[in-house]
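I opened the model to look up its aromatic side chains. These are my notes.

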Amino acid sequence: LILFNIQFVFADAYIGNIYFTIKDSVYTVNERIELKGQLGLSNYSSNGSFTSYSVLTNTIVNVTIRNISNNYVSNYNLTTDANGSFYSKSDYRTNATLINITSNGSYFIRASYQDFNNYTWFSEIQITVVNQTVDSLKINSDKSEYNPSEGLIANTEAIRTIGDNILYVSN
């Protein structure tokens, strides 16, 4: 006696889900852009109800950078892991692909995936790159006068100023 258990998944429609995040919207020239994202497919039945979601593993995600005039700047290929996630170089992922921009201006970063029907799914964000940075540290007490035996409460802020944007690094 031979038994077969063959399962097929059929979907009337699917949607490619690709998204990514970066830690800032303003960078300095040549600063490392740390990108993290995920790629998957959502399947829907013919009546429009959701049937399943699956991550896409070992799949190429194309990351393209274009300037505000839509001119090509650079291109990178990142590969998804077992969880469908893709990454650029960071302190944690030291062997991943380094992404940076070498001149100031406004840019679009697009992560895209071309499916088996040659349809391209993508997600895009805009960043600004400037060639100046000023870092500062602010220390404030909770009041202006203290008694000799009274404890001092200090509020400390590490601030990174890039152009006209203020990024609070730590509070």
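I looked up F50 and found it partly exposed, because its relative accessible area is 48% (buried means under 20%, exposed over 50%, partly exposed in between, with a 1.4 Å probe and protein chains only). I work here on a predicted model, where local features need pLDDT of at least 70, side-chain atom pairs count only at pLDDT 80 or more, and totals for chains, interfaces and linings use all residues. Residues are numbered from 1 along each chain as its sequence is written, and side-chain values use heavy atoms, with hydrogens and water left out.

I then counted aromatic pairs and got 4 in the structure. Rings of Phe, Tyr and Trp (its six-membered ring) pair if their centres lie within 6.5 Å; planes under 30 degrees apart are stacked, over 60 edge-to-face, the rest tilted.

I checked Y14 with F116: the centres are 5.2 Å apart and the planes stand at 35 degrees, so I logged the pair as tilted. Y14 is in strand 1 (residues 13-22), while F116 is in the loop between strand 8 (105-114) and strand 9 (120-130), 102 residues apart. Strands are DSSP runs of E, at least two residues, numbered from the N terminus. Y14 is partly exposed at 21% relative accessibility; F116 is exposed at 58%.

F50 pairs with Y44: centres 5.7 Å apart, planes at 70 degrees, so edge-to-face. Y44 is partly exposed at 24%.

I noted one aromatic cluster of Y14, F116, Y119 and W121.

Last, I looked for charges over rings (NZ of Lys or CZ of Arg within 6 Å of the ring centre and within 35 degrees of the ring normal). R93 lies over the face of Y87 at 3.5 Å from the ring centre, and R110 over that of F122 at 3.7 Å.

Notes: Helices (H or I, at least four residues) and strands (E, at least two) are DSSP runs, numbered from the N terminus.
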